[in-house]
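Me: Could you pick one part of this structure and go through it closely? I would like to know what it packs against and what kinds of residues are involved.

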Amino acid sequence: MSTVKKLIHGMEKKYVVHSVLSPICMIGEVVMETLIPLVMSKIIDVGIANANLAYVIKTGLLMIGIACVSFTSGVLGTVFSTRAAQGFAFNLRQRLYNNIQTFSFANIDKFSTASLVTRLTTDVNMIQNVYRMLIHMCVRSPFMLVAGTLMAFKINSELAVLFLVAIPVIAVAILTLSSFAHPRFKKMMKKIDVVNATVQENLVGIRDVKAFVRGDFEEDKFYKVAGDVKNAQVKAEKVLIFMMPLMQLVMYVSMIVVMWLGGKQVVFGTMKSGELISFFTYVTQVLSSLMFLGMIFISIVMARACTERVVEVLDEQPDITAPENPVMTVKDGSIEFENVSFSYSKDMENCVLSDVSLKVESGQVVGIIGGTGSSKTTLISLLPRLYDATSGKIKIGGVDVRDYDLEVLRDAVSVVLQKNVLFSGTIKDNLRWGNENATDSQIEQACKAADAESFINSFPEGYETNLGQGGVNVSGGQKQRLCIARALLKNPKILILDDSTSAVDTATESRIRNALKEIAPDTTKIIIAQRISSVKEADVIFVLDEGKLNGFGTHDQLLKTNEIYREVYESQQQGSGDADLAGEE
């Protein structure tokens with residue numbers, strides 16, 4: 001599929017109609033504008049020259065009528081092109097966003113968040129402006145160029161040949177300069193990605209910036225990246241700054257030559273005054289059209305880099321997809337890893353998980369513990385297919401996870417990740433991310449199990465309390481409990497708690513564990529924790545070390561047989577606090 005087809009694919013019919021009507025109106029405007037100088041020359045050479053007032057009035061009224069039609073056509077063309085461009089941008093943004101939603105974590109890792117934001121906003125805006133030009137000015141200007149040239153040749157072919165020399169001069173200049181400009185504009189857009197990334201990082205971490213008094217450092221960092229954008233933009237546009245003066249020079253020289261030679265022909269009687277005025281008008285129209293085409297071409301050069309970046313996202317295919325005939329039911333929460341290895345780079349020489357084999361019965365409470373970088377989070381990310389195993393097989397309910405429908409699988413595996421994310425809206429809105437059809441009773445039951453009911457009821461508006469962006473008005477522990485309640489509302493076969501009680505005290509954590517046993521007895525619960533107390537009562541505990549399964553068993557068994565587990569337990573028992581085992585992986 002060509003780039004143009006990729007960009008306009010799926011656009012609503014009404015916007016397609018507007019895209020067609022706009023150039024039709026522009027052609028109508030050009031036809032009328034081309035007739036006006038011809039009519040004007042008749043007024044001068046026939047009406048005024050022969051002192052025929054009736055002819056002047058009659059022809060003048062005709063010229064006014066033509067001007068009104070031209071004006072109406074121009075207005076309609078602008079309206080249609082604006083609506084078409086807005087619809088085009090809406091369709092393109094929606095397709096980009098929808099495709100991003102299909103991406104796996106590996107696909108998302110390929111593009112930075114800031115880059116995707118830039119592509120959805122700045123890049124699409126640039127393409128939208130060029131699209132409007134293409135169906136508006138890019139139709140009007142060439143048609144005016146042709147029509148004006150034909151009329152000029154009709155009036156005086158000798159003079160017309162002279163200004164035609166300007167066309168190849170401008171064309172060569174445009175093509176030459178654009179070939180140098182495109183790579184520079186592409187580099188400029190990458191610099192804009194860096195600016196967006198810097199702003200995003202600063203705003204997300206604004207509390208840390210202020211807590212560590214790093215405002216000056218962040219200002220200096222932003223000054224540098226903003227300066228890089230400025231320099232890249234200047235370097236890119238420096239190539240194009242010669243284009244407009246060059247076109248104006250060629251235009252004015254052509255006009256001077258036409259006035260000089262045309263004036264001589266009028267003096268010698270080989271050309272009428274009205275014809276010279278009309279001819280001069282046509283020359284102005286033609287050369288103005290050339291200038292507009294040059295400006296459009298500059299915009300296309302600038303938008304070309306944006307188009308390539310947008311098409312990259314549209315062409316990106318999710319590397320995790322459902323099979324043709326997927327399994328639509330997850331029988332239970334049993335889990336089995338068979339010689340599973342995983343590498344983010346797909347390189348088997350650089351695996352973060354190596355030859356992991358384990359088995360979990362449905363309904364069991366499972367603990368996972370290990371040092372920083374032992375790939376605990378990576379291990380559980382393979383269950384809902386956020387990533388696919390590089391080698392080996394993972395089964396849930398006795399079925400390979402790659403055989404399930406993705407939506408069915410992920411509905412059956414509920415994950416509370418290390419970083420708790422809440423969205424703008426009320427507490428109830430956020431909880432219903434787990435189940436949009438959840439009743440108030442179900443919501444209250446889940447919050448009670450997550451030990452969140454008491455603090456929610458302490459707010460004046462209760463479940464209708466607005467959390468703000470990212471849940472800025474609740475504490476870390478409250479965020480964790482809300483996320484656990486949200487996960488429970490999915491009624492999953494497998495519930496994964498990835499260090500998701502680290503911000504609550506041990507008493508609260510104990511209440512949550514006990515409540516989970518009551519509310520979800522048949523759900524397999526996987527607890528990744530940095531406190532031995534969090535996994536002590538688990539049916540089975542797996543110890544990971546540098547991406548390998550170092551041992552497994554109950555708490556008592558591991559104390560006797562596993563050195564890593566025993567060292568962690570003893571360090572915590574000696575009062576060293578919660579050894580930082582989980583980390584962020």
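**Helix 12 and what it packs against**

Reply: The axes of helix 2 (residues 13–48) and helix 12 come within 7 Å of each other and cross at roughly 165°. Axes here are lines fitted to C-alpha atoms over the stretch in contact, with angles from 0 to 180 degrees between N-to-C directions. Helix 2 is therefore roughly antiparallel to helix 12, the term for angles over 145 degrees. This is a predicted model, in which local features need pLDDT of at least 70 and side-chain atom pairs count only at pLDDT 80 or more, while totals for chains, interfaces and linings use all residues. Residues are numbered from 1 along each chain as its sequence is written, and side-chain values use heavy atoms, without hydrogens or water.

Helices are DSSP runs (H or I, at least four residues), and strands are E runs of at least two, both numbered from the N terminus.

On the helix 2 side the contact (heavy atoms within 4.5 Å) is made by Glu 33, Thr 34, Pro 37, Leu 38, Met 40, Ser 41, Ile 44 and Asp 45. Helix 12 answers with Ser 273, Gly 274, Glu 275, Ile 277, Ser 278, Thr 281, Tyr 282 and Gln 285. By class, the residues of this contact are 6 nonpolar, 7 polar and 3 charged. Nonpolar covers Ala, Val, Leu, Ile, Met, Phe, Trp, Tyr, Cys and Pro; charged covers Asp, Glu, Lys and Arg; the others, Gly among them, are polar.

Helix 6 (residues 137–155) is another partner: its axis and that of helix 12 come within 8 Å and cross at roughly 150°. Helix 6 and helix 12 are therefore roughly antiparallel, and their crossing is left-handed. Helix 6 brings Met 137, Cys 138, Ser 141, Pro 142, Met 144, Leu 145, Gly 148, Thr 149, Met 151, Ala 152 and Ile 155 to the contact. They meet Glu 275, Ser 278, Phe 279, Tyr 282, Gln 285, Val 286, Ser 289, Leu 290, Phe 292, Leu 293 and Ile 296 of helix 12. This contact has 15 nonpolar, 6 polar and 1 charged residue. Glu 275, Ser 278, Tyr 282 and Gln 285 of helix 12 take part in the contacts with both helix 2 and helix 6.

With helix 11 (residues 243–267), helix 12 packs at an angle of about 170°, the axes being 10 Å apart. Helix 11 and helix 12 are therefore roughly antiparallel as well. Their contact holds 17 nonpolar and 8 polar residues, and no charged ones.

Two backbone details concern loops. Lys 346, not a glycine, has a positive phi of about 65° and sits in the loop between strand 1 (335–342) and strand 2 (353–360). Glu 546, also a residue other than glycine, has a positive phi near 55°; its place is the loop between strand 9 (540–545) and strand 10 (548–553).

How values were computed: Parallel < 35°, antiparallel > 145°, perpendicular 65-115°, else oblique. Left-handed = near helix turned anticlockwise from the far one by under 90°.
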